[in-house]
Amino acid sequence: MIRRFFTNPAVRLALRLVLVLRAATLIIAAWGGIVHPAQIDWARQPVFNVIGETITAQGAAYAFVEPWFRWDTGWYAFIAHDGYATNIDSIIFPPLYPTLMRGLAPIFGGDYIVSGLVISTVALFFALVFLFKIVAADENERIARWAVIALALYPASFFLLAAYTESLFLALMLGAWWMV
């Protein structure tokens, strides 16, 4: 059954793309953080005051994780760590992603950002598999392959690999569409 899963063309293509893109984005983020370190005054960012508690990666691993702690990722980490009650501004963020972050964080040593990156990576994998299957059912595998590659390489798809809800939403939406 496992062999059949990995011989599926949708799975093979999605797995290759996601692994290459995840490795590339981690390397680029770490390189960017080293070449141009962030000039963030964490004391003036009340939502981001949990950085020391939500990122537990140390040493070289920290360089790969810390650059992702920006914008909405900070909010999701904050909600996963402290919940909604401590900051009224957090109510605009949906609960599924922070709940998954909180649930997976213990597996990754309490690192909420790593758990968010893993959620986004796995969700993107399934989104690409479902997209392939949907397009292949309507057209053919060649067109499905190009549709998946086009989505994965589209510049805005960078956000599908960040610790944001977009890849989870896309995977759930395409999965529901495929099931219909």
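Does Leu 124 count as buried or exposed, and at what relative accessibility? Leu 124 counts as buried, because its relative accessibility is 3%. That is below the 20% cut-off for a buried residue. The model behind these values is predicted.

**The overall fold**

The protein chain has 10 helices and 0 strands. Read along the sequence, its pattern is α-α-α-α-α-α-α-α-α-α. The chain has 180 residues, and 42% of them count as buried.

**Inside the chain**

Start with the largest nonpolar core. This core holds 44 residues. Six of them touch the most other members: Leu 17, Tyr 97, Met 101, Leu 128, Val 148 and Leu 174. Several helices each supply at least two residues of this core: α2, α5 (72–82), α6 (96–104), α7 (112–138), α8, α9 (158–161) and α10 (166–179). The largest share, 15 residues, comes from α7.

Now look at α5. Of its 11 residues, 8 are buried, so α5 is largely enclosed by the rest of the structure. The buried residues in α5 are Thr 73, Gly 74, Trp 75, Tyr 76, Ala 77, Phe 78, Ile 79 and Ala 80. Just after α5 comes Gly 83, which takes a positive phi of about 85°.

Return to Leu 124, which sits in helix α7. Thr 121 also has its place in helix α7. Thr 121 counts as buried because its relative accessibility is 16%. An α-helix has 3.6 residues a turn, so residues three or four places apart point the same way.

Next comes Ala 171, found in helix α10. Ala 171 counts as buried because its relative accessibility is 10%.

| Pair | Apart in sequence | Apart in space, C-alpha to C-alpha |
|---|---|---|
| Leu 124 and Leu 15 | 109 residues | 9.5 Å |
| Thr 121 and Val 18 | 103 residues | 6.9 Å |
| Ala 171 and Ser 120 | 51 residues | 9.6 Å |

Take the Thr 121 row as an example. Thr 121 and Val 18 are 103 residues apart along the chain, yet their C-alpha atoms are 6.9 Å apart.

Which residues make the nonpolar surface patch? They are Ile 2, Phe 5, Phe 6, Leu 15 and Leu 19, and the patch covers about 480 Å². Helices α1 (2–7) and α2 each supply at least two of its residues. The largest share, 3 residues, comes from α1. One member, Phe 6, is found in helix α1. Phe 6 counts as partly exposed, because its relative accessibility is 41%. That value falls between the 20% cut-off for buried and the 50% cut-off for exposed.

There is also a positive surface patch. Arg 12, Arg 16, Arg 142 and Arg 145 form this patch. Helices α2 (9–35) and α8 (141–153) each supply at least two of its residues. Arg 16, for one, lies in helix α2.

Notes: Residues are numbered from 1 along each chain as its sequence is written. This is a predicted model: local features need pLDDT of at least 70, side-chain atom pairs count only at pLDDT 80 or more; totals for chains, interfaces and linings use all residues. Side-chain values use heavy atoms; hydrogens and water are left out. Patches are made of residues with over 30% relative accessible area and no salt bridge: like charges are joined within 9 Å, nonpolar side chains (Val, Leu, Ile, Met, Phe, Trp, Tyr) within 5 Å. Accessible areas come from the Shrake-Rupley method with a 1.4 Å probe; for residues, only the protein chains shown count as cover. A salt bridge is a side-chain nitrogen of Lys or Arg within 4 Å of a carboxyl oxygen of Asp or Glu. Lys and Arg count as positive and Asp and Glu as negative; His and the chain ends are not counted. The place of a charge is taken as NZ of Lys, CZ of Arg, CG of Asp or CD of Glu. Helices (H or I, at least four residues) and strands (E, at least two) are DSSP runs, numbered from the N terminus. Buried means under 20% relative accessible area, exposed over 50%, partly exposed in between (1.4 Å probe, protein chains only). A nonpolar core is a set of buried Ala, Val, Leu, Ile, Met, Phe, Trp, Tyr and Cys residues joined through side-chain atoms within 4.5 Å.
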